Amino acid sequence: MTTAQSPGDLVDLDVQPTPLALLLLGREADPRSERGVECPGDLPSPSDPDLVERARAAKEKLGDKVFVLGHHYQRDEVIQFADVTGDSFKLARDAAARPDAEYIVFCGVHFMAESADILTTDDQKVVLPDLAAGCSMADMATAEQVAECWDVLTEAGIAEQVVPVSYMNSSADIKAFTGKHGGTICTSSNAKRALEWAYAQGDPATTKVLFLPDQHLGRNTAVRDMGFSLDDCVVYNPHKPNGGLTVEQLRDAKMILWRGHCSVHGRFSLESVEDVRARIPGVNVLVHPECKHEVVAAADHVGSTEHIIKTLEAAPAGSKWAIGTELNLVRRLANRFAAEDKEIVFLDKTVCFCSTMNRIDLPHLVWTLESLAEGNLVNQIQVDRETEQFAKLALERMLALP
């Protein structure tokens, strides 16, 4: 177990806060993209000096009954209490590997807790410390919108040629749609394998993929990793009639990309890359594939969160890196590798926390653990049986990928 670091212990990443500071690091809600559910009950103040000890005592009281998962983008004060850390799918699988744990406390966001509920047993209870910890990307594709899109594809006469591939960062409803229509789920690590599988489901010359909900991961994988052209891709906008596309555009496309994006990774720009190269000669630019295509094309290295961590672990001492992903992780990595003389900076000059991920703070975690320790089940995440059935089918197809 690590201990929380004080602000003075942190490596200076030369980051300046924006006026909004991305919703004050999660202390306010955006009703347009978040679920807007307040955590019930009395929350201790974030400045309460007893918070760490209270969390430790409650977790110790629960013992093996609780298993705490911490996503890489979580703040340090929460990560210190995680039994395992990782990306969303790794954590869901870790939860499934602990069938004896009665409570799975997922320090992440809503879609991640849904995935954990789908993959764990009926006897296990998945808990999200703050129900307002949603994901703006996942919320950009609703079940109703995707059903309407499928109607558009059917009217265009191409639905039978389309295989849906949905990113792990999607709701259980979207995963279920994907499973029901013969598709698979992907992560940022295996997106290429998932697309290759999808195109092998029919005639490669006519098969199309509907990629949900992150257009950038879909485009970057198709163009950068599979040799497609940008012209092979079209963007379906659910807020426009027929997705803003003609029948001819849909019929000619190889990749139908949903108009969704990550609010964190979408902030990085080509100017960010050019600026950091001018400021730090010899810097290596390493970005997540959820970034825009022009950012990915200008970077030296591209990969998932796990890939970013492993790349920095293997980097030689004295190397310089600018990282395009969530700031909590970048800051943690900068501190971790400072002793090895690896210079790690944030790609952008402004704060880029995941505001909804930051809703899972120490007060919410303390409230959750203390409630469970007292026998009160709070904030349980449950996926209904039918949705779980088809979502699990899509996830199992991903697990079977070569």
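Modeller: The account below begins with the model itself and then turns to one helix.

This is a predicted model, in which local features need pLDDT of at least 70 and side-chain atom pairs count only at pLDDT 80 or more, while totals for chains, interfaces and linings use all residues. Residues are numbered from 1 along each chain as its sequence is written, and side-chain values use heavy atoms, with hydrogens and water left out.

The protein has 16 helices and 13 strands; these are DSSP runs numbered from the N terminus, with helices being H or I of at least four residues and strands E of at least two. Of its 402 residues, 57% count as buried, where buried means under 20% relative accessible area, exposed over 50%, and partly exposed in between, with a 1.4 Å probe and protein chains only.

Eleven of the twelve residues are buried, so α15 is largely enclosed by the rest of the structure. Among these buried residues are Leu362, Pro363, His364, Trp367 and Ala373. Their cover includes the helices α2 (51–62) and α3 (76–79), together with the strands β1 (66–71), β3 (103–107) and β4 (125–127); contact here means heavy atoms within 4.5 Å. After α15 comes glycine 375, whose phi is positive, near 90°.

Aspartate 341, with phi near 60°, lies in the loop between α14 (327–337) and β13 (343–346). In contrast to the buried residues of α15, aspartate 341 is exposed, with a relative accessible area of 55%. Asparagine 242 has a positive phi of about 55° and lies in the loop between β8 (233–236) and α10 (247–252). Asparagine 242 is partly exposed, at a relative accessible area of 42%.

A further backbone feature is the cis peptide bond from leucine 212 to proline 213, with omega near -20°. Proline 213 is in the loop between β7 (208–212) and α9 (215–225).

For the protein as a whole, residues 24 or more positions apart account for 71% of the contacts with a separation of 6 or more.
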